[in-house]
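Q: Could you walk me through reading helix packing and burial in a model?

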Amino acid sequence: MYLLTDKFLKFGIAVDPVEPEKIMKTLAMEELELRAVITTHHHYDHAGGNKLISEMKKNLTIYGGDERIEALTNKISHNEILKIGDIVIRCLHTPCHTSGHVCYFIDCETIPEPICFTGDTLFIGGCGRFFEGSANDMLQSLNILSALPLSTKIYCGHEYSLNNLKYALSIEPDNEEALNKFKEIQEKLKKSEPSVPSKLGEELSYNPFLRLDKKAIQLRTNKVDPVSVMAALRELKDNF
Ligand SMILES: [Zn+2]
């Protein structure tokens, strides 16, 4: 979960607040008011705190792209723009992990660099499992995310980065960027620091699921067309 705050206008927006007590405590400490919740998808480890947080803060707006999201008040659609205070959020429908998965892209003056909350669609060095979609769906969804500015900071839903980079290296052993990122993550985790965020520009240099057109990956998967490469990469990952 994440908490996005506007300290000037004194409010916060919670992203997948699975532990509402922690979020509310932080907001109270910083003297900020919770203005909205944005939910990436309906899975319990993302939306499971929505009911409790809506009880802790009355009349709370909870956004999401799937009717199955707990305590949902506002269902959003692809490319819808949310304006919360001065924060402008673009909702990106990225189905595959779940059919109603949404990523939230923010690029506005209040924030120094563009950011994207990618839930379980794009991870550092990987992507989510295809629970409710096909390889083609993931390809389309990742294409939407790849088209964001290269400086976009990626805030994903889980700390799977180290294992993802191990996998990336098993697919492209000669990829120096992957090796460097692996070492960087190892160092961060050793110091109990999160590996998140990364930048989209770096992801494109080592995340195999964003590199379907690379010769080494096509040779490794023995496939050429992007949908087949995507499916093969996922299968290899599921058995990794
Ligand atoms: Zn999930």
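**Helix crossing and burial**

A: H4 and H9 are roughly perpendicular to each other (65 to 115 degrees counts as such). Their axes, lines fitted to C-alpha atoms over the stretch in contact, come within 8 Å and cross at roughly 105 degrees. H4 spans residues 135–146 and H9 residues 226–238. This is a predicted model: local features need pLDDT of at least 70, side-chain atom pairs count only at pLDDT 80 or more, and totals for chains, interfaces and linings use all residues. Residues are numbered from 1 along each chain as its sequence is written.

Q: Which residues of H4 and H9 make the contact?

A: Contact requires C-beta atoms, placed from the backbone, within 7 Å. H4 brings Ala135, Asn136, Met138 and Leu139. H9 brings Pro226, Val227, Met230, Ala231 and Arg234.

Q: Which residues are buried in helix H1?

A: An α-helix has 3.6 residues a turn, so residues three or four places apart point the same way. In H1 (residues 20–29), Pro20, Ile23 and Leu27 are buried (20 or more other C-beta atoms within 10 Å of their own). Down the axis of H1, the buried residues fall within an arc of 65 degrees, counted from the directions from the helix axis to the C-beta atoms, so they line one face.

Q: What lies on the other side of H1?

A: Glu21, Lys25, Ala28 and Met29 are exposed there (12 or fewer such atoms).

Q: What covers the buried residues of H1?

A: The cover includes strands S1 (2–6), S2 (11–15) and S3 (33–38), and helix H3 (50–56). Just after H1, glutamate 31 takes a positive phi of about 55 degrees.

Technical notes. Axes fitted to C-alpha atoms, helices over the stretch in contact; angles between N-to-C directions. Helix = DSSP H or I, 4+ residues; strand = E, 2+ residues; numbered from the N terminus. Parallel < 35°, antiparallel > 145°, perpendicular 65-115°, else oblique. Contact = placed C-beta atoms within 7 Å.
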